[in-house]
Each structure stands twice: as C-alpha cells, then as structure tokens.
Amino acid sequence: MAQSFTAIPAEYLEEMEELTDEEYGRLIRALQRYSMTGEAITAEGNERFYAKRVMAQEDRYQANYYEAAQKRANAGKKGAASRWKAEENSPAEDSTAISANGKNSTAISANGKNGNIETETETEIETETETETDITPLKPPKGGKRGERDADFDRFWAAYPRKVGKEAARKAFAKADVPIDTLLTAIAAQRASPQWRRDDGQYIPQPATWLNQGRWEDEITAPSTPIQSAGQPPTTSARAELERMQKLREQIRRG
C-alpha cells in the first residue's frame, strides 16, 4: 500500500556514515520511492549494500502503522456503538424549563413543520417550596490506634537519651510492633549499661537505628565490679547493682 510518508530512523546516520552524501541521498530517495510505489531499490553504488536493510525496516514500520490504525478504528466503532445504545436506552429529556420571571414554562413547538418554539407559561405559581436536604453531620475525628501510637512515640522520645533523627525515629517506631512498656523497660535497663554510660553516652545508638535493629532485645552486660578476694563476698553496692540488672532482664523477657 502506498505511503504518504517514509520512516527514516536517526540511527541510519551513524550506521551509514561510510556512505558519501551523494550515495546516502540516492538511497533515501530510492527508499521514498519504494514507500510510495513499492518499487524495489536498485542501486549500483555503495548504497546497494543497505538496500535490503532499509526496505525491510520500511515494511515493518508500515505493518505496525496499519495495525495500530486498525485497532484505533475498531475502538472508535465500539465506542460509537456504545454511545448509540446508551442514547437509545436513556429516558426522554424533560421539556419543562424555567423562564426568566421564575414561572414554570413548557417549551412546545408551534407546528410540526418549521420547528419554531412557543412558550406556554403557567399562571399559578407555588409560593412555598419545600426543600429536602440530606446533610450528614460531621463526626469528630477519633484518636484510635494511630492516636495512641503517636502518644506512645512521645513517651519513647522523652525516655530515649539521644535526641537525634526524630522523624526517622517516628517512622521506625511505627514499623516496630512492640508494646511501649517493653521499649521503656529496655531503655531504662540499657541506660545503666557500660556501653551507654561510656564517654558521656557517645556509644548510644541513634533512636531509629535502635528501633530498626530490634535493640530492645539486647542482652545487658552487668557493669564491672572491683575484683574480690577468693572466698570474699561481693560488696553491698556491687550486689545491689547485680540484683537490679537481673530484675530488669526479667522484665524485658516477660515483655
């Protein structure tokens, strides 16, 4: 089928750069003739080595074009048929209109020939109209689970000793499905650990990291105590610290 246009991809310039301008021009002219008339390309110069390639490419372009055009045509026919069917099944339009003076007016044709329109105005006008309005009252927002989690995050943020990356911590907190009491208990226990107390809290992880890595489940290492002589019981302060750490670990396990 004759084409009114010819597809000349930009890649031809790079692919055929070894051709002279004259050879390239002859090839493109022959290609346009092939697109319009179907006459095969015959050439004697170096462009003959590209003749089959460009004709095959043109055939593919034409096939794709006509396939797409046919699909659009079929879709248009289906759309028109659907609209016609919808119009046939739709109820007749109400011919009652409202005139400028507020009276009910009915548009009727003066005769069935010329299509002129006359207006027949009703003399009786209802002075009172009753309007029914369906208004759904707005309900105040409820806190719900989201509100509770926001409040829990505030408690977490107040308890966590390192106040950095609050928004990242908020997102990590939302993902962690852990009771707030479990987190607070773990924070209280880890604040007394050697790692968190070392160098003024330099090794306390960021809150988002702590949450994302599930650090509330970390095992707490008891702080080191002075070395006791063999057979000598621990000092009162060391024993009290050990007992406190054991209680905190039990609370974390019970969650």
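Is R215 buried or exposed? Select R215 to begin: the residue is buried, with a relative accessible area of 17%, where buried means under 20% and exposed over 50%, with a 1.4 Å probe and protein chains only. The model is a predicted one, in which local features need pLDDT of at least 70, side-chain atom pairs count only at pLDDT 80 or more, and totals for chains, interfaces and linings use all residues. Residues are numbered from 1 along each chain as its sequence is written, and side-chain values use heavy atoms, with hydrogens and water left out.

R215 lies in the loop between helix 8 (207-212) and helix 9 (236-254), helices being DSSP runs of H or I with at least four residues, numbered from the N terminus. Show its surroundings next: leaving aside residues up to four places away in sequence, R215 touches Q190, Q195, P205, T209 and W210, a contact being heavy atoms within 4.5 Å.

Now move to helix 2, residues 21-37, and select its buried residues, which are E23, Y24, L27, I28, A30, L31, Y34 and S35. They lie on the same side of helix 2, because they cover an arc of only 165° around the axis, the arc being that of the directions from the helix axis to the C-beta atoms. These buried residues pack against helix 1 (11-15) and helix 3 (51-89).

Finish at G38, which follows helix 2 and has a positive phi, near 80°.

How values were computed:
Helices (H or I, at least four residues) and strands (E, at least two) are DSSP runs, numbered from the N terminus.
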